[in-house]
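Please keep the viewer open as you read.

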Amino acid sequence: MKMDDEKIDLKELKKALSSLSLLYVEDNVRLKEKAVTFFEKLFPTVYKACDGVEGLALFEKYRPNIVITDIQMPLMDGLEMAGAIKKIDKNTKFIITSAYDDKEYLLKTISIGASGYCVKPLKVEEITQILYTLALEISEERSKSVFNNYLHSIFNNQDNLIVMLKNESVILANNHALSFFNAGDIKEFKEKFQNFETLLLPHDSFLYHKAAGLSCLGRVKQAMD
């Protein structure tokens, strides 16, 4: 890994990765030690494994955010390990490495949802750019998750029946609304009311803001009785 190839500011990258952990899986001892030394300068926590079996075990125990793995390894190859990890946590970010610039490998990495494919020996410029992109993606996903949890909390603590619509389709309903319409969850609610907007009656005191996609359910058609 040649440091003179870098373009991403390493201090900025380290800050972006400060709350993330990495699992690095590589059977080449020399390459692994060299790469781990570099990754430990960026990540607060780096787990290392020499094959897919060990890598999978470490993932199950520690659940790192990002996995960088070689493809060809003993016991379990990187693609098989990646597939097993995706079943545990589909949001895990993967970077696949290989000594060969093989189109077949590249297609396989795409099929498992890998975020990047790097030919060994790894280049600092290439790997840091991918890591920075992944750090931003994870940060955005976390923000959305926090917002969604906050939104659900607000919805479910309201005494009113609340339904959120987007393009005339239901995307969220609070517990009171689910109970009122006898739906066990949002999936069942959607199946029952594919065109929920047609059930709403206009009323001066009825809060209905289509642009915002938010409807507080005041009255429904008598046909619902």
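## Ground rules

Let us start with exposure: a residue is buried under 20% relative accessible area, exposed over 50% and partly exposed in between, using a 1.4 Å probe and protein chains only. The model is predicted, so local features need pLDDT of at least 70 and side-chain atom pairs count only at pLDDT 80 or more, while totals for chains, interfaces and linings use all residues. Residues are numbered from 1 along each chain as its sequence is written, and side-chain values use heavy atoms, with hydrogens and water left out.

## Backbone details

Most residues other than glycine have a negative phi, and most peptide bonds are trans. With that in mind, look at R63, a non-glycine residue whose phi is positive, near 50°. R63 sits in the loop between α3 (52-62) and β3 (66-70) and is partly exposed, at a relative accessible area of 44%. Helices (H or I, at least four residues) and strands (E, at least two) are DSSP runs, numbered from the N terminus.

L75 also has a positive phi, of about 70°, without being a glycine. Its place is the loop between β3 and α4 (78-88), and L75 is exposed, with a relative accessible area of 70%. Further along, K120 and P121 are joined by a cis peptide bond, with omega about 0°; P121 belongs to the loop between β5 (116-119) and α6 (124-156).

## The sheet

An open sheet is built from five strands with parallel pairing, in the order β2-β1-β3-β4-β5. From one strand to the next, the twist averages 15°. Two strands count as paired if DSSP finds at least two bridges between them; β4 (residues 93-98) and β5 run parallel and are joined by four. In this pair, S98 is opposite V119 of β5.

## The largest pocket

A pocket is an open set of points on a 1 Å grid over the protein atoms alone, where a 1.4 Å probe fits, with protein on both sides within 12 Å along at least five of seven lines; lining residues have an atom within 4 Å of a point. R63 returns here, in a lining that also includes F59, D89 and K93. The largest share of that lining, four residues, is contributed by α6.

Conventions
Axes fitted to C-alpha atoms, helices over the stretch in contact; angles between N-to-C directions.
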